[in-house]
Amino acid sequence: MTTTTITHAPGETRDRRPNAVREGWLIAGRDVLHWVREPWGLIFGLAFNVMLLLMFGFLFGGAIDVPGGGDYIAFLLPGMFALTMLFGLESTMTAMAEDAKRGITDRFRSLPLSSASVALGRAIADLASSALSLGVLMLGGLLIGWRPTTGPAEIVLAVVLLLWLRFALLWLGIYLGLSFRGAGATTAVQVLVWPIGFLSTVFVSAETMPGWLGTVAEWNPVSATATATRELFGNPTGATSGWLAENAVLAASVWPLVITLVFLPLAAAAYRGLRR
Amino acid sequence: MTPRNLTPTRPPSAPGTPTALSATGLRKHYGRALALDGFDLEIARGTVHGLLGPNGAGKTTAVRCLTTLSSIDEGAATIDGIDVRQHPALVRERIGLVGQFHAVDEALTARQNLVLFARLSGLSKVRARSRADELLESFQLTDAADRAVSGFSGGMRRRLDISAGLVLTPAMLFLDEPTTGLDPRGRATVWQAVREIAAAGTTVLLTTQYLDEADQLASRISVMDHGRVVAEGSPSELKRRLGGDRVDAVIADAALLAQAADVIGRVAAAAASVDPDTRTITVEVADGAKALTPIVRELDLAGIAIDDLALRRPTLDEVFLHLTGQPGAADAAQQPAHEEAR
Ligand SMILES: Nc1ncnc2c1ncn2[C@@H]1O[C@H](COP(=O)(O)OP(=O)(O)OP(=O)(O)O)[C@@H](O)[C@H]1O
Ligand SMILES: [Mg+2]
């Protein structure tokens with residue numbers, strides 16, 4: 001009987017040392033294979049965003065006033081961008097929960113990987129898919145008349161702030177996915193992103209909402225990113241006065257930082273907690 | 001750019017020590033339940049060690065604690081002389097694990113899974129591909145290599161799972177019930193793989209519910225129950241302690257059962273037990289197959305006809321009865337039928 005096939009004869013060595021960046025790419029590459037092999041999830045996700053855009057833009061849009069004036073489509077688009085970042089939360093959570101449930105996470109944990117590799121892989125894959133959604137929405141927006149009216153620096157900063165929110169929600173998603181693995185947990189998040197999305201300035205300006213609702217919407221991190229993005233694209237912000245109107249870019253920078261500072265350690269603790 | 005032979009998978013640490021794995025007094029709680037309760041194990045370098053126990057004995061918990069997947073509440077464990085609790089990352093570089101439950105990506109193909117895990121284990125793209133091909137070939141998965149795992153049968157998944165744990169040949173390999181759910185051919189493949197891996201110098205810890213599997217593969221066996229090891233020894237030592245083989249005789253005429261039990265008990269010089277429902281008389285025999293002829297002759301002389309006569313190894317239930325004086329676990333009775341039939 002030969003001993004060259006089942007045992008790893010050639011030198012009994014690995015070619016490379018553990019390296020978080022390389023491993024993160026490999027783990028993210030697994031998501032790309034998923035998209036290629038089963039593209040329908042991704043395609044439906046993108047189609048859903050476009051559908052929301054058309055629904056709000058044309059069906060409800062005529063009935064919605066933008067305080068301070070301006071075209072509703074131009075107001076809506078940046079809001080949709082921010083909402084898409086929020087929706088990404090669910091895919092992060094689902095991916096983490098599924099991998100933990102299916103033993104894939106244990107397989108990763110039994111390999112001599114760097115401790116950050118799994119999170120890094122998740123981050124790369126999720127930021128990539130959110131960037132893709134963003135690109136599709138922007139194209140859709142351009143087709144129905146949305147235009148950024150500022151310079152390239154502002155446009156780049158707007159995209160960076162959007163992905164910065166997505167990055168922050170990554171840690172919340174990893175934390176939730178590892179901590180609540182029951183089938184109900186994902187559904188709960190799927191449902192809960194809606195009130196969070198509506199209780200923001202994504203679809204309507206806070207100034208048209210009843211008093212306390214308007215306050216809640218102004219303090220919603222999604223509103224901060226939506227308003228800052230509107231400002232940076234040169235679109236109507238729907239915010240004529242108040243703290244957020246003056247400090248939108250600051251708020252859109254600080255909110256994700258706060259979320260990251262809170263949930264990155266919690267996500268790391270939840271990952272370590274798998275050893276329990 | 002990248003030099004080959006960068007990290008030996010079998011590091012030269014503590015080369016003189018003959019001990020590959022040592023665990024003393026491991027304790028592990030799940031809530032208020034004690035899954036490990038003073039678990040001790042010592043495995044000599046380069047040997048195959050069987051860990052035998054019924055459902056819920058704590059085999060998987062022991063493997064998870066030793067492979068750093070679960071934390072150890074109390075006790076000490078070393079692999080290759082490296083403390084498992086203090087240096088989990090160093091331990092992971094030396095071990096391979098095939099867990100009890102499937103841990104491959106259902107949405108990917110068999111080949112994509114193997115290439116991914118090979119690359120994550122540190123192989124270059126080219127070497128990962130050729131390694132995947134070798135493993136697919138060895139585990140008879142070449143034909144299914146490019147199909148999604150979600151369409152695999154249980155046995156195919158199991159073989160893929162095992163091959164994913166064998167990408168590199170580790171210094172110490174943990175196999176948690178590797179053959180549960182495999183058909184005889186799949187089982188033979190896995191057994192052959194274990195033998196080859198051991199022949200290449202890897203130390204193997206293999207958990208199983210099947211005495212014959214441990215007997216086939218392991219040079220030493222630990223029997224565990226209720227979170228601790230209740231007996232340890234070479235297969236022949238244990239068999240001696242278990243009282244050797246059993247003969248089952250099915251008597252044709254139920255009325256003659258008592259008389260037959262007398263005859264068989266006298267020939268075997270041991271107390272024979274009677275199961276009236278199946279008309280089966282069971283007796284422990286010391287000298288294996290040699291015991292059959294006198295039993296047949298004496299029954300014949302007494303004019304007792306038999307429907308069936310079989311020599312078999314003790315079942316796991318009998319092992320536990322013998323070692324602990326009580327059935328091993330509440331669900332030990334749910335052993336698969338073929339275990340009983342051995
Ligand atoms: N994650 C867990 N949470 C709670 N209890 C657990 C957990 N894992 C194991 N246990 C308990 O610990 C005990 C030992 O379980 P373990 O899985 O180690 O047994 P086993 O010998 O591998 O059994 P089997 O042959 O069924 O695989 C059992 O009583 C089980 O209920
Ligand atoms: Mg088990």
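1. In chain B, strand β9 (residues 203–208) is mostly covered, with 6 of its 6 residues buried. Buried here denotes under 20% relative accessible area, against over 50% for exposed and partly exposed in between (1.4 Å probe, protein chains only); strands (E, at least two residues) and helices (H or I, at least four) are DSSP runs, numbered from the N terminus. The model is predicted: local features need pLDDT of at least 70 and side-chain atom pairs count only at pLDDT 80 or more, while totals for chains, interfaces and linings use all residues. Residues are numbered from 1 along each chain as its sequence is written, chains are lettered from A and ligands numbered from 1 in the order in which they are written, and side-chain values use heavy atoms, with hydrogens and water left out.

2. B:T203, B:L205 and B:T207 point one way from β9(B), whereas B:V204, B:L206 and B:T208 point the other way; all are buried.

3. β9(B) pairs in the parallel sense with strand β4 (residues 48–52) of chain B over 5 bridges, pairing requiring at least two DSSP bridges between the strands. B:L205 is the bridge partner of B:H49.

4. β9(B) also pairs in the parallel sense with strand β8 (residues 172–176) of chain B, over 5 bridges, and B:V204 stands opposite B:L173. From β8(B) the chain passes through helix α6 (residues 184–199) of chain B to β9(B) in a right-handed β-α-β crossover, that is, clockwise from the first strand over the helix to the second, with the strands pointing away from the viewer.

5. For chain A, an unreviewed UniProt entry lists "transmembrane region" at several spans, including residues 72–97 and 248–271; such annotations may be inferred rather than shown by experiment. Residues 72–97 of chain A are 100% helix and 0% strand, with end C-alpha atoms 38 Å apart. Residues 248–271 of chain A are 100% helix and 0% strand, with end C-alpha atoms 34 Å apart.
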